[in-house]
Amino acid sequence: MIKKKTKLFSTAVVLTCMALLAGCGGSKGASGGGGEERVAVVLKTLSSPYWKYVEAGAKAAGKELGVDVTVVGPNAESEVMQQINMIEDQLNQSPGALVVSPSQPDTVVPVLETATVPVLLIDTDAKLKNKTSFIGTENYEAGYEGGKLLSSLLQKGDKVAIISGALGNTATDERVKGAKAALEEAGMVIVAEQPADSDKTKAMSVMENILQKNNDVKGVFAANDDMALGVLRAVEAKGLDVKVIGTDGTLEAVESILDGKLAGTIAQNPYKMGYEGVKNALAAINGEKVDKRINSGVEVITKDNAQEKLEFLKTISK
Amino acid sequence: MSQVVVKTKNEVMNGTLKRVLSKFGPLIGLILLIMVLTVLSPKFLTVNNVMNIARQSSINALLAIGMLLPILTAGIDLSVGSLLALSIMMMGIVTVNMGMSPFLGILVCLAVGAGFGWLNGILLTKLRLPHPFISTLGTMNIARGIALIVTGAAPIAGFPYAIQFLGREFVGPIPVSFLLVIVVYVIFHIFLTRTQTGRYIYAIGGNPEAARLSGINVDRVLIIVYTISGLMAGLAGLVMVGRVNSAFPLAGLSYELDAIAAVIIGGASFMGGVGTVWGTLIGALIIAVLRNGLNLLNVPADFQMTVIGTVIIAAVFVDVLRQRKSKKA
């Protein structure tokens, strides 16, 4: 009887250890590089296509330039403290440089202020005095282009709705600001502005509610593609002809544009952000000069150039 | 005659093993975990990393010791993550936005946590909501909603030094936040083992009807339990603000899960009446050590969730074994 109990307990412990070993077995290679320079990249999360593109760009730069690149990120963009802990743990391993995309800009300042290695921020900026560079989309510009694109497909005086991202997300907030400016300039009437947490399903219900009150909405600008696709579903369910514009330029969005469903998207260049992040991190390690602010650019994607974009995304999605 | 002797010897050894496992099971687990991680990662057992772990465990350790009390009474507090957020947002409004004294801010932070905790207690005992799962699920959403509304979901940054002190300072190499955890845990230990209310908490968890019949004011004790849990959420929030110098409405999202995990891994029983302060500390350390170790090994975050889930099941399984043994005996 004693033996059975000890055996069962030991089994529980061994299972846990096995889980640990199995987990680290696959990724041990990434932490290998001893003498080689290493760039640690901490993203908002690795659980979404957008961040996978950033990861692909970062790893590609590592391969081309001969730098060891470690890319990590929490389960979700909302796991702020988990990101802070990951930054601490990466710094503890003495990387040559750190590339970070902060989920909540203010929160990374205390931990990055004391970093003794170059720190680069990508996608989302923060008020960090010792930052080497910020590489990303000028989100206001992206939103402005989105608003311009939507206006070009509508008539003056048409009713439009704006779907914003997670409350407090500065990136999506900037896009909404830009879009509003462009839409108002073109004489569109904004009848609704609602947040949908950058989530597809939420955006669908939010849009359904908006359509209840304003079923003559002619266009929608969404601060990211996931939400734009959710809006599209709500619109299709009611059989309405509404022009929907998204932001980001994900694979799903581009495919939807090719199918003639989504009217367009303002593609960011997450791949370039990851690539430039690592490239400039290496430059900083080597003591070269790095631009303080690097615009990774936006691209207006419509049916005309969607095919080209699709090809590109497919190659980096592997 | 000889048969009786053999039986007795077995029972004695069973009893000892059971006691050793239930008392030291979590600790043995932690030590084994540390040993495995030290072998796997050279950076693990360094002073810098150990101090990182101490600091990284503080927020959850504070939430967990607060969570221990409801769990001891066979209840639960799902609202602690949201209370953390609401407490720090209110502190931010008072101190940063309205420019008032940091000490008033700290008071507000703790008072909001304790106040909503008290509300949890009232909802459970006076409104007679059937189970704390329901009442705290309600306040979890209410508090999160208020936290988002008060600043229109904008974060608040730039807190005065006095407020940041607990979360960011060090005494030599040791983080103040961890020293705080130790002090708090000692206080809770004394509270639970040496005071009347503490003993009543265990009694209610063990057998609520018997507790009531023996004259314990169960309602009063439960209100105290949930108020303390809420207070700890406020304190945990204060430490978080010290670490990141900002308060944001989505802070603490899902934190109740890691707090519950810490309490359960530490050996407390969901059925109530069983659990210790030091077990909870071990539970919180196991989680922090696991996460830190997996970070150092660059294990993806999603897999970290799988590992923690496995550890929770393993820990509860051991508890089930122990209970089965004691029933047989």
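User: Which strands does helix α8 (residues 225-237) of chain A lie across?

Analyst: In this predicted model, helix α8 lies across β6 (159-164), β8 (217-222), β9 and β10 of chain A. Its direction is at about 160 degrees to β9(A), on a scale from 0 to 180 degrees between N-to-C directions, with axes fitted to C-alpha atoms and, for helices, over the stretch in contact. Helices (H or I, at least four residues) and strands (E, at least two) are DSSP runs numbered from the N terminus. Residues are numbered from 1 along each chain as its sequence is written, while chains are lettered from A and ligands numbered from 1 in the order in which they are written. Local features need pLDDT of at least 70 and side-chain atom pairs count only at pLDDT 80 or more, whereas totals for chains, interfaces and linings use all residues.

User: What makes β9 and β10 of chain A paired strands?

Analyst: Strands pair if DSSP finds at least two bridges between them. Strand β9 (residues 243-248) and strand β10 (residues 264-267) of chain A are joined by four bridges and run parallel, so they meet that definition. Within the pair, Thr247(A) stands opposite Ile266(A).

User: Why are β7 and β12 of chain A said to stand at the edges?

Analyst: Their open sheet has six strands in the order β7-β6-β8-β9-β10-β12 (chain A), with mixed pairing. β7 (189-195) and β12 (299-301) each have a single partner strand, so one side of each lacks a neighbour in the sheet. The average twist from one strand to the next is 15 degrees.

User: How does chain A divide into domains?

Analyst: The assignment, automatic or from a database, gives domain 1 (34-136 + 270-296) and domain 2 (139-267) of chain A. Their centres, taken over C-alpha atoms, are separated by 30 Å. Each domain contributes five residues to the contact.

Note on methods: Contact = placed C-beta atoms within 7 Å.
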